[in-house]
Amino acid sequence: MNKLFFIALVALATLAGACSDSNDEQARFSIRLTDAPGDYQEVLIDVQEVQINVSSEDSEGGWQTLESTQSGVYNLLDFTNGMDTLLVDEYLPAGKISQMRLVLGDNNQVKIDDVYYDLATPSAQQSGLKFNIHADLSAGITYKLWIDFDAGRSIVKKGNGGYSLKPVIRTYTEATSGAIKGVVLPVEAKPYVMAISAESDTIGTYADVESGFYLLSGLEAGTYKVKFEPSAEYAEKEIEGVAVQNGLVTEVEAVTLETVVAE
């Protein structure tokens, strides 16, 4: 049910800002919570904190808190049958994410026959619900991650009449965009680079003033024309038929702009 959106993964994005002043070396990652139907009126989960681990080992030194997590109490049954809610949407440093954990507060409840019962979640409150998430993020690619919480199997009735939360969750990701990268010279041309397609919006960026590198990210799958619009001293140039696929970065051959010949 509850796509353990807690996939703190998202918060990773916060770290991205420390890497560079642009998004050239980052991936965009969103985490969404969804749920499978269960025989309850409400299932309330108190999300307090999401953390991720970018190290290869389960060490405290590798855990980082995601500051952008949308904390609060969520009714998982609001997100069934294809519905979901956005928990995180951030730019993260390209690289690997090994684990994540969700720390819950005290306001976890299930509603049955118009009566609310507290859900006991001791391990989640103390150290967080932990998940192995081996995700490889590529710069310029947009990813979505869903945490699917199976409420029907995750709520357990105890002998004393109470209920406990023992999450049964699955996670899955989807690369929802592609990207185009390349180098355009000379750097003095300071060109504006655009990816143009009849089926989608035009995406543009300026080439790096020191290297000429450019990255056009967040592109829908399809075929694009890459257009270079430099300063007045240089001639425009276009490259046709650049194919973009979801989850991949298409590298265009290096481009050299010619100076305008005065008549």
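**Ring pairs, salt bridges and confidence**

Biologist: How many aromatic pairs does the count come to?

Modeller: The count comes to 3 aromatic pairs, where the rings of Phe, Tyr and Trp (its six-membered ring) pair if their centres lie within 6.5 Å, with planes under 30 degrees apart called stacked, over 60 edge-to-face and the rest tilted. This is a predicted model, in which local features need pLDDT of at least 70 and side-chain atom pairs count only at pLDDT 80 or more, while totals for chains, interfaces and linings use all residues. Residues are numbered from 1 along each chain as its sequence is written, and side-chain values use heavy atoms, leaving out hydrogens and water.

Biologist: What does the chain average in pLDDT?

Modeller: The average is 80, and 84% of the residues score at least 70, on the predictor's scale of confidence in each residue from 0 to 100. Confidence is lowest in helix H1 (residues 12–16), with a mean of 34, and highest in strand S21 (residues 255–256), at 97; helices (H or I, at least four residues) and strands (E, at least two) are DSSP runs, numbered from the N terminus.

Biologist: OK, salt bridges next. How many does the structure hold?

Modeller: There are 6 salt bridges in the structure, each being a side-chain nitrogen of Lys or Arg within 4 Å of a carboxyl oxygen of Asp or Glu. One of them joins the side chains of Lys111 and Glu42 at 4.0 Å, N to O. That pair links distant parts of the chain, with Lys111 in strand S7 (residues 109–112) and Glu42 in strand S2 (residues 42–53), 69 residues apart.

Biologist: Are Lys111 and Glu42 buried or exposed?

Modeller: Both Lys111 and Glu42 are buried, meaning under 20% relative accessible area, with exposed over 50% and partly exposed in between (1.4 Å probe, protein chains only).

Biologist: And which residue does Glu229 form a salt bridge with?

Modeller: Glu229 pairs with Lys227, their closest N and O atoms being 3.5 Å apart, and a network of salt bridges links Lys227, Glu229 and Glu236. Lys227 counts as buried because its relative accessibility is 17%, whereas Glu229, at 28%, is partly exposed.

Biologist: Switching to Ile196, where is its place?

Modeller: Ile196 is in strand S15 (residues 192–196), and it is partly exposed because its relative accessible area is 25%. Leaving aside neighbours within four places in sequence, Ile196 is in contact (heavy atoms within 4.5 Å) with Thr202, Thr223, Tyr224, Lys225 and Lys227.
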